[in-house]
Amino acid sequence: MKERTKAKIKKYFERYNDYPKPLRKGKYIFVFCMLILTIVRWAVFYVAVNFESIVMAFREFTGYGPNNEAIYRWSFANFEKFWSEMSYTGWATQSFKAALKNTLFLFFAGNAVTIPTTYLVSYYLYKKMPGTSGFIWILYLPSVLSSVVMVTIFKNIVDANGLISAISIALGRGAITDLLISEDTAKWMVWCYNTWMGFPGAYVLVTAAMRRIPEEIIESAKLDGVTPRTEFFKIIFPLIWPTVQVLLLQKITALLSADGPILLLTGGKADTYTIGYWYYDQVILSHSYEYPSAVGLIMTLFVAPLALLVKKLTDKVEAY
Amino acid sequence: MERSIEKKRKIKSGSVSKKWTPYSVTVGIILALYAASLFAAIAWAFLTSLKGRIEYIRDPISLPKDWLFSNYVEAFEQLSANGKNIFVMFGNSLWLSVLPPTINLFTAAMASYVMAHYKFPGRNLIWSIIIVMMTLPIMGNAAATYKMYLRLGMYNSPLILLKDISNIGGSLLVIAAFQGVSKTYAEAAFLDGAGHFTVFFRVMLPQAMGVLLALWTMNFITCWNDYMTPIMYLPDYTPITSGLYIYQKETERVLNVPILFAGSLMVLVVPVVMFACFQDKFMNLSFGGGIKG
């Protein structure tokens with residue numbers, strides 16, 4: 001029996017014999033040493049953290065014990081709180097409901113601009129139209145420039161005493177109010193900033209995908225006399241579909257985390273509360289842990305199947 | 001025959017379209033306007049940084065009457081946040097930008113090398129975990145992360161660097177970099193009697209250094225610009241980016257905008273210089289050209 005088990009183990013490890021015999025013994029020690037740090041990191045900051053997040057979602061703080069230790073009990077109170085907050089018909093600008101509304105606004109309004117411009121600009125850069133090398137350099141700048149600095153400049157441009165107001169006065173139209181303080185304009189200013197710094201979206205990935213298309217395909221299409229529009233929609237777009245699919249999945253994953261630097265721009269005031277800022281407020285400022293964990297679980301249960309569904313649907317498109 | 005060759009040549013150069021069409025004009029104008037908006041904003045900030053405080057309040061548009069380059073010296077004296085002066089903040093920025101990418105890429109290189117070049121039990125499982133982590137979004141674990149940092153003594157401590165250890169199996173870009181390095185280099189070294197560690201550190205790691213260096217620079221810039229991590233987890237180790245935000249909050253009513261802009265522009269210098277020095281490697285890596293070691 002023992003012999004059979006030994007033989008089985010030997011056979012199992014034989015398939016991993018990719019090195020000469022003298023090096024095989026040290027191989028597994030080497031592999032262990034090389035992987036151990038990343039595995040421990042994953043176990044602590046991914047598995048344990050997410051497990052604790054799920055556990056906390058079902059816990060309710062009930063008070064302090066005799067030794068001043070916090071006492072919790074298992075309950076669905078956090079989910080009930082979420083439900084009552086979402087079904088509340090009144091309006092509070094610093095609630096999760098407001099944060100959800102603003103985040104979805106920033107997501108859809110932002111993508112309405114960045115998705116079309118991503119493809120328009122990428123095709124321009126792929127075709128090496130006039131100024132391409134300079135534009136590539138300039139478009140890369142927003143990812144190099146510090147958000148804090150750019151927000152500081154932006155805030156002083158739209159401030160009541162800032163550049164836009166001064167131009168308005170010089171044109172005889174009078175001073176304007178601080179666009180980041182008014183509830184009517186603040187959200188749009190956040191959108192403006194996000195669009196300015198996020199322009200033109202994921203052009204790097206899309207341009208790179210276009211550049212990987214074999215030149216011969218484009219050449220033979222040209223010999224057949226295709227127009228640029230046909231070339232883009234019938235040849236290039238289907239060929240870069242795997243990249244488009246990845247970008248779509250990224251968008252879905254970012255559905256509830258589209259916010260921008262709210263802390264720097266408005267500090268969550270003027271009806272600009274977003275989910276990202278709500279988490280900062282709950283966890284860092286208010287030290288509330290259980291309710292945000294429950295909300296996180298609900299968001300995951302909503303977004304994860306959506307991401308899988310989008311993947312499945314886009315996989316089918318690829319098959320054509 | 002000649003006409004056909006001529007036609008082919010024209011088509012070859014036709015993939016580089018220099019023609020002015022309604023599409024190219026429209027997109028060209030949009031891109032030019034975008035570039036102008038970026039440069040105009042930074043130029044305005046630079047001109048403002050050379051004005052006096054009252055001069056700026058009275059007229060934010062015009063050119064400075066006296067070009068006060070001394071504002072940059074004053075920024076060094078005046079800018080402070082959480083009781084830390086600008087030198088301490090720059091010092092914090094430096095270690096918070098140098099160590100995280102170094103730790104991250106070194107651990108990523110270790111894991112990625114074995115993922116790329118070794119067969120071992122559990123390798124497929126690690127690949128599956130990487131794929132699941134990439135496709136399945138898990139949201140809202142900020143509270144549990146914060147509690148974990150508190151429990152491990154990482155909150156407000158340099159131990160926070162532990163979070164920068166690369167995630168399971170390294171990073172896909174680093175794995176791809178090692179996959180691009182031929183195994184024959186390693187085999188030659190093994191024949192000469194080198195062990196696994198020697199081969200990794202002295203043969204394979206230098207081969208992937210081009211990609212690692214480009215990634216390190218990109219990560220350095222990201223860490224230099226990161227203001228949120230220190231605000232959330234390192235209140236006593238304020239770097240210059242978070243410091244600029246805190247300074248604005250602390251001096252809200254008496255904010256000296258020209259001095260603030262002078263400090264802000266100094267923060268921009270480091271990433272822009274890094275980008276200018278390594279732009280070719282950045283572009284090659286980003287646009288998929290690949291970098292050879």
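Author: Helices and strands here are DSSP runs numbered from the N terminus, a helix being H or I over at least four residues and a strand being E over at least two. The model is a predicted one, in which local features need pLDDT of at least 70 and side-chain atom pairs count only at pLDDT 80 or more, while totals for chains, interfaces and linings use all residues. Residues are numbered from 1 along each chain as its sequence is written, chains are lettered from A and ligands numbered from 1 in the order of writing, and side-chain values rest on heavy atoms, with hydrogens and water left out.

Rolling a probe the size of a water molecule over the atoms shows where empty space is left. On a 1 Å grid over the protein atoms alone, a cavity is a set of points where a 1.4 Å probe fits but cannot get out; a pocket is an open set with protein on both sides within 12 Å along at least five of seven lines, and lining residues have an atom within 4 Å of a point. Points are joined across faces, edges and corners, and the volume is the space filled by probe spheres set on them.

The structure holds 1 cavity of 30 Å³ or more, and the volume of the largest cavity is about 30 Å³. Its lining consists of A:Val148, A:Val151, A:Thr152, A:Lys155 and A:Leu264 from chain A, with B:Tyr245 and B:Gln248 from chain B. Two elements, H6 of chain A and H13 of chain B, each give two or more of these residues, and H6(A) supplies the largest share, 4 residues. By class, the lining has 4 nonpolar, 2 polar and 1 charged residue; Ala, Val, Leu, Ile, Met, Phe, Trp, Tyr, Cys and Pro count as nonpolar, Asp, Glu, Lys and Arg as charged, and the others, Gly among them, as polar.

H13(B) gives the most, 5 residues. The pocket lining comprises 22 nonpolar, 10 polar and 8 charged residues.

With contact meaning heavy atoms within 4.5 Å, 100 residues of chain A and 100 residues of chain B take part. Buried area is the accessible area (1.4 Å probe) that two parts lose on being put together, summed over both; for chains A and B this is about 9,400 Å², 76% of it on carbon and sulfur atoms.

A salt bridge is a side-chain nitrogen of Lys or Arg within 4 Å of a carboxyl oxygen of Asp or Glu. Between the chains the count is 1 salt bridge. It joins A:Glu52 to B:Arg151, with the closest N and O atoms 2.6 Å apart. On the side of chain A that touches chain B, helix H2 (residues 21–57) of chain A contributes the largest share, 23 residues. That side divides into 69 nonpolar, 17 polar and 14 charged residues.
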